[in-house]
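This briefing is meant to be read alongside the sequence and coordinates. It begins with the overall chain, then turns to helix pairs, the nonpolar core and a few individual residues.

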Amino acid sequence: MTSKIDRRQFARLAGLGGVVFASGLGTPLAAGSASAAEKDFYFVQLSDTHWGFKGPPNPEAANTLKLAVESVNSLGSQPDFIIFTGDLTHTTDDDQERRKRMAEFKEIIKALKVKTVKFLPGEHDASLDEGKAFKEFFGKTNWAMDHKGVHFIALDNVSDPRAQLGEEQLKWLAADLKKLKKDQKIVVFTHRPLFDLAPQWDWATRDGAAAVDLLMPYTNVTVFYGHIHQENHHATGHINHHAAKSLIFPLPAPGSQDKRTPLPWNADVPFSGLGWRDVEVALKGNDVGIHEMPVMVAKT
């Protein structure tokens, strides 16, 4: 039976600690500091589950998503909501198989205790049919919502096979932001990075700079994304961008080798390099606490 443990205890057991980044500043704060303790709610981000992937490097591909669901359910304090930031399924040219994988994904995540679950597509889900199947199963590919004083925005930079947001979506973003005060707390979700991390590896958004320009006048913006299968932290001005790990296989550091081939499976440390995160949002001050979690939890 899986034990229920506190999230900070969970991080310590995994040997990770709890790292807190101050939104807009990029300054690490010690876990347990006053800023870390002022959190009012938290959400969980999972990314790049690639349901339907088979073969090396992950011999546990059929189990990893299920283990992650079990991990999230094991948290003693459940999050306000859960967000999957793209590549829910692994790409396929077969429309019928694509829908089958999406249906299987939805069936697996039904086991989540938290029923407020949000989604955005990755290119594996949406680029071949411009998001048609994704919309059938998960709804809109871009959206906005307000939660406890924080404005959340999901941007779709994958349904267009040219890896861009497009003029229509940029107009939508501008109109959405126009309603907000300049000091509004804003969290943005995307799949690809909005900045040029490694364009040669498709780790960029062609018109991402236009989105960043629209966000720049707002003083409290944090971006969470997936796609690159590893933790990464970057700042464009005062806006911090945080990449999430994958649940299927890790990829090499940006530009560290010629090809972005998956890192090999380590049988001695299975599931290493894979994981998910929870994000604490402090309503007093501008702090965002990011805690990286492993795929598996302790068993009792």
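Helix axes are lines fitted to C-alpha atoms over the stretch in contact, and the angles between them run from 0 to 180 degrees between N-to-C directions. On that basis, helix α7 (residues 167–178) and helix α8 (residues 208–215) have axes that come within 10 Å and cross at roughly 10 degrees. The model is a predicted one, and its protein chain comes to eight helices and 13 strands.

**Chain as a whole**
- Of the 300 residues in the protein chain, 56% count as buried.
- Among contacts in the protein chain with a separation of 6 or more, 72% are accounted for by residues 24 or more positions apart.

**Helices α7 and α8**
- Because angles under 35 degrees count as roughly parallel, the crossing of roughly 10 degrees makes α7 and α8 roughly parallel to each other.
- On the α7 side the contact is made by Leu170, Leu173, Ala174 and Leu177, and on the α8 side by Ala210, Ala211, Leu214 and Leu215.
- Sorted by class, the contact of α7 with α8 has eight nonpolar residues, with no polar and no charged ones.
- As background to the positions on each helix, an α-helix has 3.6 residues a turn, so residues three or four places apart point the same way.

**Helices α3 and α4**
- Helix α3 (residues 64–73) and helix α4 (residues 95–109) have axes that come within 10 Å and cross at roughly 30 degrees, which makes α3 roughly parallel to α4.
- The crossing of α3 and α4 is right-handed, and the contact is made by Leu65, Lys66 and Val69 of α3 together with Phe105, Ile108 and Ile109 of α4.
- By class, the contact of α3 with α4 has five nonpolar residues, no polar residues and one charged residue.
- Helix α3 is mostly covered, with eight of its ten residues buried; these are Thr64, Leu65, Leu67, Ala68, Val69, Ser71, Val72 and Asn73.

**The largest nonpolar core**
- The largest nonpolar core has 30 residues, of which Ile82, Phe84, Phe105 and Phe119 touch the most other members.
- At least two residues of this core are supplied by each of β3 (39–46), α3, β4 (81–85), α4, β5 (117–120) and α6 (132–138), and the largest share, five residues, comes from α3.
- In soluble globular proteins, nonpolar side chains tend to be buried together.
- Leaving aside neighbours within four places in sequence, Phe84 is in contact with Leu46, Thr49, Leu65, Phe105, Ile109, Leu112, Val117, Lys118, Phe119 and Leu120.

**Lys140, in a loop**
- Lys140 lies in the loop between α6 and β6 (143–147), and because exposed means over 50% relative accessible area, its 65% relative accessibility makes Lys140 count as exposed.
- Not counting residues up to four places away in sequence, Lys140 touches Phe119 and Phe134.
- Lys140 and Leu120 are 20 residues apart in sequence, while their C-alpha atoms are 8.0 Å apart in space.

**Asn220, in a strand**
- Asn220 has its place in strand β9 (residues 220–225), and because buried means under 20% relative accessible area, Asn220 counts as buried at 5% relative accessibility.
- The C-alpha atoms of Asn220 and Ile239 are separated by 7.5 Å, although these residues are 19 residues apart along the chain.

How values were computed: Residues numbered from 1 in each chain as written. Predicted model: local features only at pLDDT ≥ 70, side-chain atom pairs only at ≥ 80, totals over all residues. Heavy atoms only, no water. Helix = DSSP H or I, 4+ residues; strand = E, 2+ residues; numbered from the N terminus. Parallel < 35°, antiparallel > 145°, perpendicular 65-115°, else oblique. Left-handed = near helix turned anticlockwise from the far one by under 90°. Contact = heavy atoms within 4.5 Å. Nonpolar A, V, L, I, M, F, W, Y, C, P; charged D, E, K, R; others polar. Core = buried A, V, L, I, M, F, W, Y, C linked by side-chain atoms within 4.5 Å. Buried < 20%, exposed > 50% of the residue type's maximum accessible area, 1.4 Å probe, protein only.
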